[in-house]
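Reader: I would like a close look at a single part of this model, with its surroundings described as well. Please take it step by step and keep to what can be computed from the atoms.

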Amino acid sequence: MKRLHANHIISLLLLVFAATAFIMAQSFTVSSGAAPGPAFFPQVLSVLLFVLAIILAFQTPTDTDKRLNLNVVFIMIAFGVYVFLVEPIGFVVSTVIFTAGYLLLLGERRWYFIIPAAILLPLIVSYSFEHLLHVPIPHGLLY
Amino acid sequence: MNLWEGFLGLADPMILILLVTGVLLGVIIGSLPGLTATMGVALFLPVTFGMEAIPGLLLLIGIYFGSIYGGSIAAILLNTPGTPAAAATAMDGYAMTKQGEARTALNIAVIASGFGSIISVLMLIFLSPQLANIALNFSAPEMFGLALFGLSIISSIAGASLVKGLIAGVVGLLIATIGMDPMTSYPRYTFDQPVLLEGFNFIPIMIGLFAVSEAFIMAEDYFKEKGGPMKVAARLLKTNWRLMPKLFPTMTKSSFLGSIIGIIPGAGADVAAFVSYNEAQRFAKKEDKALFGKGNPKGIAAAEAGNQGVTGGAMVPLLTLGIPGDAVAAVMLGAFVVQGIQPGPQIFQTSGELMYTLFAGMLVAAIVMVIIGLLGIRLFTKVLLVPKTLMITIILVLSTIGAFAINNNMFDVYVILGAGIIGYFMKKHGFPASPIVLALILGPMAESEFRRALTMSEGSLMIFATRPIAATLIALAILSLFTPLLVKFFKDRKNRKG
């Protein structure tokens with residue numbers, strides 16, 4: 001038995017996913033005459049995925065840099081926080097904070113670059129969407 | 001005749017302004033390494049929600065055309081292709097830059113790109129009504145065959161690992177079944193959440209996979225390199241215009257070649273560029289042949305006309321059959337659907353006038369691209385100086401507001417976050433993203449046509465074997481699904497013998 005590698009874990013996740021999809025589809029019971037019902041396609045696909053996941057487990061992963069870069073995790077979390085702030089506090093204010101914070105996070109230190117960017121980007125984007133394209137944007141509590 | 005009326009439909013300053021804006025945005029996006037045509041169109045798709053069909057679609061077409069050309073700028077000046085399709089251009093383009101002929105190389109690229117666009121759009125204009133006419137008689141079994149064929153190209157766009165490509169495709173197909181069953185309205189995998197009844201909209205998923213996750217990847221690369229903005233060392237001197245007439249035969253041939261490759265689902269702009277390049281080299285005279293890769297203008301002309309030829313070619317199966325041949329085409333399909341236009345055999349019946357206005361607009365877009373490319377080249381080299389940090393931030397902000405604009409709700413924004421993170425890990429582990437999007441588009445079509453066909457035949461699978469067109473399409477699908485395996489098998493056998 002070789003060492004556990006990424007493909008084993010992904011394969012296991014896919015097997016669970018496929019099995020769950022298959023079992024859940026058992027309850028899709030609506031008759032549709034001679035033609036296959038709503039459960040048919042999902043079940044065929046689950047079986048297919050199950051087989052592919054087993055094949056995957058026997059393949060050795062290609063050697064690339066798979067170490068998780070901690071910086072990237074911060075990048076994702078920061079974007080996640082922004083996304084969840086947009087509705088409660090509003091697009092413009094949250095984008096000001098996000099732009100400044102993100103540039104700092106990415107290693108930008110020139111204040112004469114960060115400040116104009118953090119002000120102009122949200123203003124240009126919100127103005128274009130609301131007034132030029134007539135697409136509403138969420139303003140939330142603070143605008 | 002119809003095309004003339006199409007041109008009349010463009011007589012609106014707003015439309016022309018949007019076309020120019022689209023091409024400009026496209027060239028900028030394409031010229032920045034890391035930003036692809038797919039990302040550009042996906043990022044600006046939500047912008048078109050509030051627009052009418054023609055201006056909205058032409059904006060995106062401008063971005064599409066412009067970004068494929070724009071890829072050549074960084075390829076020529078920096079030897080870093082702005083898009084994968086421009087890799088072939090870098091070989092001779094960068095060599096010319098080193099010889100002090102950067103300006104000539106850039107101008108050849110834009111003229112060849114314009115050539116490629118125009119010839120491929122002309123091909124689209126002549127071929128698509130014919131193809132749509134044939135497909136008009138298709139009923140459920142044939143449409144199922146078509147959808148299956150469209151799905152089978154997953155194996156050729158899978159990239160390094162076929163299994164991983166197929167897994168991405170099947171997961172996409174499963175996601176596509178979420179929501180109300182198209183035939184019986186039975187809610188599947190909805191967990192009693194009303195927001196899931198309509199199923200997942202594929203547009204936010206596309207934005208997440210093609211824009212958000214790419215931004216994460218760019219950020220990671222940025223952390224690794226820590227490089228400042230790129231430096232454009234090349235000086236833009238005069239253009240050697242006398243070269244141009246000699247290049248026309250190469251451009252014409254490569255444009256046709258690119259268009260044909262574009263029509264084949266699964267073969268994209270990168271394939272077209274390399275095939276055209278190889279063909280131009282193969283048919284070159286002896287002393288000329290040796291110059292390829294060392295700054296031969298014909299190399300740029302062939303690669304650029306070839307990759308741009310794909311733009312019109314890819315529209316043929318997209319518009320007439322509803323089958324997107326690659327990731328950009330899939331995003332473009334989304335743009336049509338947003339405007340209430342369903343690409344497929346009926347498209348010339350339901351939106352004939354609109355089609356010809358679009359065709360005319362594509363020709364204008366190609367000309368606009370050449371003018372902008374010739375006049376604005378100094379501006380575009382400045383774009384390369386924009387810091388990556390700002391690019392990443394802009395992409396994420398635009399993705400967020402764009403996703404919100406789809407239905408004016410936050411659910412789609414959370415979808416791009418999820419799809420972005422999943423897409424990042426997929427890429428890290430060698431799973432391609434395009435099969436998911438293809439599956440989301442073609443899955444519902446495949447399922448409902450399959451079940452409709454079986455209702456017609458009262459449950460007998462023979463219906464797919466006895467109808468010649470359906471049987472042919474299904475056979476083609478199986479063949480194209482296994483082509484990569486067969487190719488590998490024969491290669492291995494040859495290697496073992498040799």
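**The nonpolar core and its surroundings**

Author: The largest nonpolar core has 219 residues, and those with the most contacts inside it are B:Val41, B:Leu60, B:Ile167, B:Met332, B:Ala365 and B:Val437. Domain 1 (6-57) and domain 2 (70-132) of chain A both give residues to this core, so the core lies between them. The C-alpha centres of these two domains of chain A are 40 Å apart. All of this refers to a predicted model.

One of the residues with the most contacts inside the core, B:Met332, touches B:Val41, B:Leu60, B:Tyr64 and B:Leu318, leaving aside residues up to four places away in sequence. Two of these partners, B:Val41 and B:Leu60, are themselves listed among the residues with the most contacts in the core.

Helix 3 covers residues 37-44 and is mostly covered, with 8 of its 8 residues buried.

Now the chain as a whole. Chain B has 22 helices and 2 strands. Its radius of gyration is 22 Å, close to the 23 Å that the globule rule gives for 498 residues, so chain B is as compact as a globular protein of that length. Along the principal axes, the C-alpha atoms of chain B fill a box of roughly 70 × 60 × 50 Å. Of the 498 residues of chain B, 61% count as buried. Among contacts in chain B with a separation of 6 or more, 79% are between residues 24 or more positions apart.

That leaves the side facing the other chain. In the model, 50 residues of chain B are in contact with 54 residues of chain A. The elements of chain B that give two or more residues to this side are helix 9 (162-176), helix 10, helix 18, helix 19 (411-428) and helix 20 (434-456). Helix 18 gives the most, with 12 residues. By class, the side of chain B that touches chain A has 32 nonpolar, 11 polar and 7 charged residues.

Technical notes:
Residues numbered from 1 in each chain as written. Chains lettered and ligands numbered in written order. Predicted model: local features only at pLDDT ≥ 70, side-chain atom pairs only at ≥ 80, totals over all residues. Buried ≥ 20, exposed ≤ 12 C-beta atoms within 10 Å, placed from the backbone. Helix = DSSP H or I, 4+ residues; strand = E, 2+ residues; numbered from the N terminus. Rg over C-alpha atoms; globule rule 2.2 N^0.38 Å. Contact = placed C-beta atoms within 7 Å. Nonpolar A, V, L, I, M, F, W, Y, C, P; charged D, E, K, R; others polar. Domains from an automatic or database assignment. Core = buried A, V, L, I, M, F, W, Y, C linked by C-beta atoms within 7 Å.
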